[in-house]
Amino acid sequence: WIISGANPTVTFTSFSTESGYDKVYVEESGDASFSSGVTVLATLSGYDLPSVRTYTAVGQYLRLWFTSDGSSSASGFEASWSVSSLLCVACDAGTFKDALGREACAPCPAG
């Protein structure tokens, strides 16, 4: 699943996967295809909610990627997501950064 927008955020509300074999990866990127500049924010696996439940991308894209070995089943996971309003301010070379002052400059979306 790919969440697109200003500072996409995902929060896990329940979590139960086969520990060590079924995993949820939380990744961020400034590239919608996730072909470059990918940062893994978390690799989650197990039967309990992770200690860090909320992840926010600095870039414009957040991806959840689930893998399973298929050997056993558990209840899986539930999560909610959101994006924030983007207030742009000028930075170098005609690009922009968000009003929170995040270091990575990227063009503001149209509109």
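Select R53: leaving aside residues up to four places away in sequence, R53 touches V10, T11 and F12, where contact means heavy atoms within 4.5 Å. The model is predicted, so local features need pLDDT of at least 70 and side-chain atom pairs count only at pLDDT 80 or more, while totals for chains, interfaces and linings use all residues. Residues are numbered from 1 along each chain as its sequence is written, and side-chain values use heavy atoms, with hydrogens and water left out.

Stay on R53. This residue lies in the loop between strand 4 (39-44) and strand 5 (54-56); helices (H or I, at least four residues) and strands (E, at least two) are DSSP runs, numbered from the N terminus. R53 is partly exposed at 42% relative accessibility. Buried means under 20% relative accessible area, exposed over 50%, and partly exposed in between (1.4 Å probe, protein chains only).

Next, select T67 in strand 6. T67 has a relative accessible area of 24% and is partly exposed. Beyond residues up to four places away in sequence, T67 touches Y21, D22, K23 and Y25.

Finally, select E27 and R63. They form a salt bridge, and their closest N and O atoms are 2.6 Å apart. The pair joins strand 3 (residues 23-29), which holds E27, to strand 6 (residues 61-67), which holds R63. A salt bridge is a side-chain nitrogen of Lys or Arg within 4 Å of a carboxyl oxygen of Asp or Glu. E27 is buried at 5% relative accessibility, whereas R63 is partly exposed at 22%.
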